[in-house]
Amino acid sequence: MAEEVSLLSSPSESSTSLLSEISNASTRAFVLAFTVGSCGAFAFGCIIGYSAPTQSSIMKDLNLSIADYSLFGSILTVGLILGALICGKLTDLVGRVYTIWITNILFVIGWFAIAFAKAVWLLDLGRLLQGISIGISAYLGPVYITEIAPRKLRGAACSMSQLFTGVGISVVYALGTVVAWRNLAILGSIPSLMILPLLFFIPESPRWLAKVGREKEVEDILLRLRGENSDVSDEAGEILAYTEHVKHQGDGDRGFLKLFQRKYAFSLTIGVVLIALPQLGGLSGYSFYTESIFISTGVSSDVGFISTSIVQMLAGVLGTVLVDVSGRRSLLLVSQAGMFLGCLATAISFFLKENHCWETGTPMLALISVTLYFGSYGLGMGSIPSIIASEIYPVDVKGAAGTMCGLVSSISSWLVAYSFSFLFQWSTTGTFLMFTTVTGIGFVFIAKLVPETKGKSLEEIQSLFSF
């Protein structure tokens, strides 16, 4: 499709063009809609980061066992699975904006359930509701932003989404060092509470309106998004024509099982493996149990959380800037290599601690290793797998592929989150050597099988994955 062609120009030309597009797109409706759409990613980060700085205080106040807290940490991914299963149908049925209402209300209920929990069941219920909400938002946020953004801003807007996730994690990490866990949960609800009034003023997706037969509203919505003086007739006509084409193409072979045809085998493998790699490489373990790692290696948790927060935020900014400059594949390789070294250094620090070797330097090595891991993740593996997954699948299987990738990510995250505490008790060194092995295999997989997609049209990219 001609509208999706994204050829690279020089960095200065790209920067000038991007700034011009941002200036042209800065209508009130677009800014409000972009803010609301990105809130899901920010809330995702807040929720992911919440359990790490609060582990010891929650276990102490509610007298939780390791198994109880493992359930609290992992039930989030059970909710993610449930959210991934319903997100596509829900957003198509009630629309993007009404679904955002639902997710933000569930965010607030979940936070307050945690904040006022006196028993473990209410704690787990709040976490489950949050998981369902972010399972939906993980799909809804990028889709809504993509559908409302001008075509030349779609890539930059989607890349920014992961940055909001990193900011959310960093903010909660930093606040968790000085705020009690119940108060932190109340603070976590503030972004969603602030977003709710804005939902009255944001427009519905013009593409969803066209899909459900409300064609007359499409041009009006585009005028709100692009500016009253903009000529949106071509864009509106393109949306309506494409929607009509999709309707005529509908047949009995467009179900979920179509994704498993032989011609999609390579693209399915690339997408699923890239999405699962960060989770199986220990992301949930590092995220949910950061405090345990720091305490076990003698690192001040306050210093550790602040350091990792700053580095992850800076790495996220750097990754957003570099993704269209250095290319997806090269940035993935650097990111994966950094995660490999981070896991290896963490394993070495625990080995030295257990054997009482280099006791003065072990805490510093542990701090550097965790910081390196999170920084490397933020640089590339946090956002690029989702970008590549959105590029390699044809439109007729993109929805099914998104559901599959979401389920794989959620299930692999749950497995690591639930088993981490038990693996940590079994062998701290062995646990991180397992993650080191996975990240090492992931590096080889990317180097051997993942092609570069920078600067290619979607048709060119999809031809690379069709055999």
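**Close-up views of a predicted model**

**View 1. Arg214 pairs with Glu217.** Arg214 and Glu217 form a salt bridge, and their closest N and O atoms are 2.8 Å apart. This is a predicted model, in which local features need pLDDT of at least 70, side-chain atom pairs count only at pLDDT 80 or more, and totals for chains, interfaces and linings use all residues. Residues are numbered from 1 along each chain as its sequence is written, and side-chain values use heavy atoms, with hydrogens and water left out. A salt bridge here is a side-chain nitrogen of Lys or Arg within 4 Å of a carboxyl oxygen of Asp or Glu. Side chains of opposite charge can pair when their charged atoms come close. The whole structure holds one salt bridge. Arg214 is partly exposed, at 36% relative accessible area. Glu217 is partly exposed too, at 31%. (Buried is under 20% relative accessible area, exposed is over 50%, and partly exposed lies in between, with a 1.4 Å probe and protein chains only; the areas come from the Shrake-Rupley method.)

**View 2. Helix α10 has buried residues.** Helix α10 spans 218–226. (Helices are DSSP runs of H or I, at least four residues, numbered from the N terminus.) Its buried residues are Val218, Ile221, Leu222, Leu223, Leu225 and Arg226. An α-helix has 3.6 residues a turn, so residues three or four places apart point the same way. Gly227 follows α10, and its phi is positive, near 115°.

**View 3. Acidic residues form a negative surface patch.** The patch consists of Glu219, Asp220, Glu228, Asp231, Asp234 and Glu238. Two elements, α10 and α11 (233–249), each give two or more residues to it. Asp220 sits in α10. Asp220 is partly exposed, at 49% relative accessible area. (Patch residues have over 30% relative accessible area and no salt bridge, and like charges are joined within 9 Å. Asp and Glu count as negative, with the charge placed at CG of Asp or CD of Glu.)

**View 4. Cys46 and Cys343 are buried.** Cys46 has a relative accessible area of 4%. Cys343 has 0%. The structure holds zero disulfides. (A disulfide is a pair of cysteine sulfur atoms within 2.5 Å.) A disulfide is a covalent bond between the sulfur atoms of two cysteines.

**View 5. Ser326 lies in a loop.** The loop runs between α15 (301–322) and α16 (328–354). Ser326 is partly exposed, at 31% relative accessibility. Its C-alpha atom is 8.5 Å from that of Lys454, 128 residues apart along the chain.

Technical notes. Patches are made of residues with over 30% relative accessible area and no salt bridge: like charges are joined within 9 Å, nonpolar side chains (Val, Leu, Ile, Met, Phe, Trp, Tyr) within 5 Å. Accessible areas come from the Shrake-Rupley method with a 1.4 Å probe; for residues, only the protein chains shown count as cover.
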